[in-house]
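Dear colleague,

I am passing on the structure we spoke about, together with a few notes on what was found in it. Please have it open while you read.

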Amino acid sequence: MRDLAMEQAWEGDVMDMTLRCPKCGSTHVETRDRARRFGGALGAIAGTTSGVVLAVSGAEIGLLAGPVGALLGAAAGVVIEGIVGGAAGCAAGARLGTAIDRNILHNYRCDSCGHAYGGKST
Ligand SMILES: [Zn+2]
């Protein structure tokens, strides 16, 4: 009895989670997440670049404190700003990409009939 109840609950869950093609009803639907991946990569690059630019401008300020200070400041700045900027940019880009996936692109594609459709299957 307990097993049966578990199975039913599990199946109910799957029914809610499973993506179905609105055209043919197939469950062989894949999520593409193109914009999300692209946005994340682009955001990481943009974030790292802007982080490095910030670090370089920091090094210019550091020049006033002498060449050694500039060198140390630049090295530390590039690493820290690059990592922080890259992570922040990646997160922002991925979030933006997810929004694009959901609202603009046809994020889901049916493997059975090739029908592509948006995230909001209504
Ligand atoms: Zn289909």
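Is Asp33 buried or exposed? Asp33 counts as buried because its relative accessibility is 16%, where buried means under 20% relative accessible area, exposed over 50% and partly exposed in between, with a 1.4 Å probe and protein chains only. Please keep in mind that this is a predicted model, in which local features need pLDDT of at least 70 and side-chain atom pairs count only at pLDDT 80 or more, while totals for chains, interfaces and linings use all residues. Residues are numbered from 1 along each chain as its sequence is written, and side-chain values use heavy atoms, with hydrogens and water left out.

Asp33 sits in the loop between strand E1 (29–31) and helix H2 (34–62), these being DSSP runs numbered from the N terminus, of at least four residues for helices (H or I) and at least two for strands (E). Leaving aside residues up to four places away in sequence, Asp33 touches Asp101 and Asn107, a contact meaning heavy atoms within 4.5 Å.

The zinc ion has as its protein donors Cys21 (SG), Cys24 (SG), Cys110 (SG) and Cys113 (SG), which lie 2.3 to 2.4 Å from it; donors are N, O and S atoms within 2.8 Å of the metal (3.2 Å for Na, K and Ca), and water is not among the atoms, so sites may look incomplete. The donor residues follow the spacing C-x2-C-x85-C-x2-C in sequence.

With kind regards
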